[in-house]
Amino acid sequence: MEKKILKSAKQLLVLGIGLFMLASCNKYIPDDQDSLGTDVVYSTNEFMPLLGRNTFYNNIVNIGQNTSQPLNFKIVNVRDIDGQPSTLFEDKFPVKIWKDAYTGEEKSIAEIESKRKIEYRPILEILEKSGNINFWGQSVNSNFVKAQPDSGYVFDIEVSNTGGRRYLRNFKLKPYRERAFEPSIMDPVTGLSPLPYTHPSRTINLYGERTNQFVYPGLINVYFNKLESKGTGSKTLTISFLDSLNRPIDVKKFAATEWDKLVHGFNHRFENGKVIYDVAYPIPLAPIKTDYSSSDGTYAVMNFKFRRKGQFGFLEDCGIEMPFAIYEEGDWEIQFRFTNETPKFD
Amino acid sequence: MMDGLISLKIMKQFSIILTFICALFVGEAWAQTMVKGVVKGNDNRALGGVSIRLENPKRDLGKTGEDGRFVISVPNSGVMVFSYQGYRSEKYTIVAGKKEYNVTLESTAQELEETVVVGYQQRKRETLTGSVVTISGKEIQDIPSGNFVDLLQGKVAGLNIQNNTGSPGMRGTMAVRGMSSFNVSGSGDNTFVTPTSPLFVIDGVPIDDNSGYEYGFETAGPGVSPISMIPPEDIEDITVMKDAQATAMYGSRGAYGVIQVRTKRGNSKVPIVNYQGQFFLSAVPQLRRVIGGKGERMVRLEQILMNDTTLAAALRRINDSPILADSLNPYYNNSTDWQSYFYRNTMNQTHNIGISGGERTFNYKANMNYYDENGIIANTGFKRYTMTSNMQYEPSDRFRMMTNINVNVAQNKMGSGNALMQTGVGKSVNTTSLYPSPSLFSGSMGALSALGVDDQNKTGNYLGQLELQYVPIKDVRASVTLNYNYTTSTKDRYTPEVLLGNSSEVYSYYSNKSKVYNRNQLSYVKPIKEKHLFSVYGFTEMEITASSEDLSKIRGTANDQFQTGISYNTRNTLGGLLNSLNNFRSVAYAGSFSYNYDSKYILDLTYRVDGSSLTGGATPWTKNPSAGLRWNFKKEKFMENVGWWDTGFLRGSVGRTISPAGSLSDIYGWYKIDDGRYNNRPTTSLDLEIAPNTGLVPQSTTQWSAAAELGFFNSSLYITYETYYKQSDKILDKKPIANHNAFRNVLTNEKAMVNKGHELSIQYRPKLANSDWELNANATFAINRDYVTSLPDGARQLVQADGSGYDLPQFFRLGRNAFTFVLYDYKGVYKADDQVPVNPLTGLRYRAGGQMSEGKFFRAGDPIFTDLNGDYVLDENDLVYVGNSQAAITGGLYLYSRYKNWSVRTQLSYTLDRDILNTALTDRFRNYSDPSGQNYGTGAPGAYVPLDAYNVWRQLGDNADYPNVSDFTRLSLYNPYRYNSTMFMEDGSYVKINSVTVGYNFDRRWARRFGVSSARINLTANNVYTFSNYSGPDPELVTGVGRDGSNGYPSRRTYSLGVSVQF
């Protein structure tokens, strides 16, 4: 009897297992894995960054409704335009990255530098999860990168998640050659400068000494000169003014200028009628609005000001506004030359 | 159509007269000797409702009362047969002179001897291969309800009912074995899942509760379903069929399960008049907390002073805002409790009179019900007047005729809302307490409309049904069922001009729906050598449904006294037929074969062919087979000697059922009146919204299931375990097509999903030695998981954007549960500025997406949202797919205990493993973005939620659960209280005490002194208490996609006093 019960129990067990297997029809249910649709699209497939400065391409990936995030992006198969593999972008170069947020309120070069550190990164880099593309520019000399008018490089991007992988092909990288400062005076492709100078963006109540005519921005030439380095690692920015006869004008004549707010530099000193700042490059340091920048943070802005008694005895605010950016480290001098006549200061 | 109505009315009157005539006749005949006695089960339990018959000549003698006692008149000789469901019939010979008979009936294995109707065919429960659960009407009759479906919560394993609206007369959502569709309609807070409620079969006639009555918000009309018109008092029992075998023969629309309702029938020689009345108090449940009066003003002032850009700006802002600065002005010096104007406790009543009587050859029943419930939101309510009757004439074993005539009228008021949502009230309640109470002077029009709109809805449902059965030759039974059902509804809403921009509105709506249903059935049962039983039956089924809706909206009547169609404002006046015009036909042929070997092995095979006008011409017919097996292993030799184990069954089934979806116009297209003109007359053109698709097929459900039923200890413990795999294929959905096509969308049957799960129900009914005591418990447990298995165009994933400001898209992925939230991953609050991550490339802090601005950079007190793609910008690429808005585990516990005349009945239900979004709380926090109350746009500034209840960030270093709400100048920039964040995703599990009933049966002898044969009173509390960790008021009050919006209708708590008297 007991045996029989045991046997029937066994039968029941077998049946139970059968039922359980029925219940676990899992193999008919698809795995819950990420989906990778055909709807991962880059809004641009031709990248034309400038050598010598950091270019970050943000928001260039458009991910549609059939694709799961997060995704993994990888740059693969970098090659010349004629198909020769290029190992150039596997090499890593020292670049400065931020550890803490730049606020524009730092009180010294050391404070700024303590917020940055040097890391080694390849020139062309893709952010693993977002697909944003970075082009690093702080390698000192980027002559080894083929710049326009060369056709540059071609690369593919591998997109993957647990649902699979897909290749987005034939992205073009056509860098422009270095432009150390902005506003640039160089032709972006040839690298030649038809004129050696640029102009400030605005002049306020400047009247010529001789003719009492308004001094338009076009009448002021601005020269960006990289000086022979005085010592290793010295980073300064010098600002000077010349009159139409190339005689120095003392910057102190712009008496109302807020020298602390002119550029985000420190330790300013007046030497030979020039003002010299210790600065950190690039200028501006980060693309946000600070006391020293334009409203969108892309340029630093210098405001030179003075006050004089105007035509009818009113006190007038006078000045020059100069937006600019400098990407290459070193000792730079920005020189303003009044071409026709010197403005009235008194 | 009028003719039909009139004839129905005549039939109704006729039936009433007939009822009275019968009552007169039956009362006086055949009285010879009065005998009395008591009928008990072998467990010493008094049995009520035991039918007592005379064996020869066959006629009914009466029934026992609820305490098991009977007093009947019998002839001086003969044999009395006592029979009762679940007990073996007993015969007692009448002994002349003996006046008292004490009868004991022996319990058979419980449940199994009962018969149920499955697939329109009566079957012994013991022989069923499908999954069928029956609930007695008694279990739900002590609780007043506008819709009996609400009362089934927790009673059937695998029937998930969420009473997510308290709107009187409306029902919540329900699904058998998980949802069968993952389509949604609407957007934002008003996103609703396409309902896949089971098919209701009322007295043998199917009623589809999904189309037209889903929720009042979709239909323009009252939204009262015929299901709401069935009085719970008139229900004999409710049978829920869950698997493919049980639902196979219902074919069309049986894909979502079937709920069969049987109304009471007459079964007593002495006519029984039954009165049940209940008086109940609907109490307002816990509402949302707000700060009032001075407290709110101080919070607002402090918020501005602490957070504005400068002190000067703060002072200016305060002085510009009269609700803050002009606090001594009586107009602003308020502490208005807005909720008190809308929510109220109401006294309600329901009365039911049933008259029934007759015996086998002729019996009848007439039931009248009146139900009146005023909603706990002012200006809402539901009234029901029903008159249902049936009679049966069976002169011989070979012929039977049954008729049903029902006339039901319902009246409901929805205020300014619709059947499900009370948007007007929701908005008004969310108003600052500093504003004066609603009045024309204060101009709070939303509130006044909610209170002052005259909204009257009437729904009438008229039904006539005839069923004939005839046995031409032995073992062959032919039957014909014919049913006509007509529903009409009207809505009349008048909005006075002062509430609607000086232009009054007359809104009137009329709809009608008619249905003709016919079923012709032939069955043949052949026993061979006692042990083999063959049964074959087949039927044809036909249905014609037609419906249309008219709507007219007239703006600008002469004055508020003219509430009819006299208007001058033709520009805003609309009217005409709605494009829901419907004409549906379906025809089906079904056959069933069943073989039963000695009740040990049972095989069921069915096949059904369905054709409907909603199936495209390309494949007009769908073929739905099913098969079921049942093995009674207790009858095998090896189990014979196991005494404590009484019953053991294993059964399994597989089958397919369908449900037509869509409309005729989806298949063949739709012409519309075009704006373009020809000869200065409007033209007709093809509607380019949806491309016709003749390839459309009905949604189909294929289900595999297996079950074990085990009974122990004289069946005092009965365990049913079931498991299933349910595949819903060919789900209809609209998909956009490329814009070079003329049409914008096309409907396809490309979606599919799978539900699988386990169900367990345990019934414990011990046989107690002491007959004073009775105990009965039933526990159910169901676990269900759903998976998306197919999406249009073979995609693995689909995100359907939400066009509203809530930004809560629908997300579907193969292999994943169908309703997943798409949210920002919230990880707490930044304690200090330097905790915010810095982008190493740019040196900028992590910020909110969009145009860069200073306020968007995160700082101390701001929420930590995970930056999924690491670009230091919080945008839609950082959304995660989390949670499941559908309950995985549902069930309940039913307890009944009786001591002598006292009884206690308790129903508990639970829903576990469910995620819900507390959108209402989000709304309340978002009100903090406008402390001065100047930027609210239209409407009024919002109410303030008391912050002390929430751990909100207030100062540097706080370790908070909720981010800073006060930094109002920045709130709109970085949007910390966004609707789509996991901050507000909460566990929606709950355990609810649905109802507690204490009943007392008056002593029969005592009652008799008042000329009453039995009397009972009960005290019932319904929706008693919900145990939950949820921070909102009620975790059940969420929409089908799991959102607790501000505009829902809270579920009332009722306390009722019920009286039941039988004459």
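## Domains of chain A and strands of chain B

Chain A is divided into domain 1 (40-173) and domain 2 (181-338), with bounds that come from an automatic or database domain assignment. The centres of these two domains, taken over C-alpha atoms, are 32 Å apart, and their contact takes 11 residues from domain 1 of chain A and 14 residues from domain 2 of chain A, where contact requires C-beta atoms, placed from the backbone, within 7 Å. This is a predicted model, in which local features need pLDDT of at least 70 and side-chain atom pairs count only at pLDDT 80 or more, whereas totals for chains, interfaces and linings use all residues. Residues are numbered from 1 along each chain as its sequence is written, while chains are lettered from A in the order in which they are written.

| Strand pair | Sense | Bridges |
|---|---|---|
| β2(B) (residues 51-54) and β5(B) | antiparallel | four bridges |
| β5(B) and β6(B) (residues 87-93) | antiparallel | five bridges |

Within these pairs, S83(B) of β5(B) is the bridge partner of S51(B), and V81(B) stands opposite K91(B) in β6(B).

F192(B), in strand β14 (residues 192-193) of chain B, is buried because 20 other C-beta atoms lie within 10 Å. F192(B) and G1040(B) are 848 residues apart in sequence, yet 6.0 Å apart in space, C-alpha to C-alpha.

Technical notes:
Helix = DSSP H or I, 4+ residues; strand = E, 2+ residues; numbered from the N terminus. Buried ≥ 20, exposed ≤ 12 C-beta atoms within 10 Å, placed from the backbone. Contact = placed C-beta atoms within 7 Å. Pairing = 2+ DSSP bridges.
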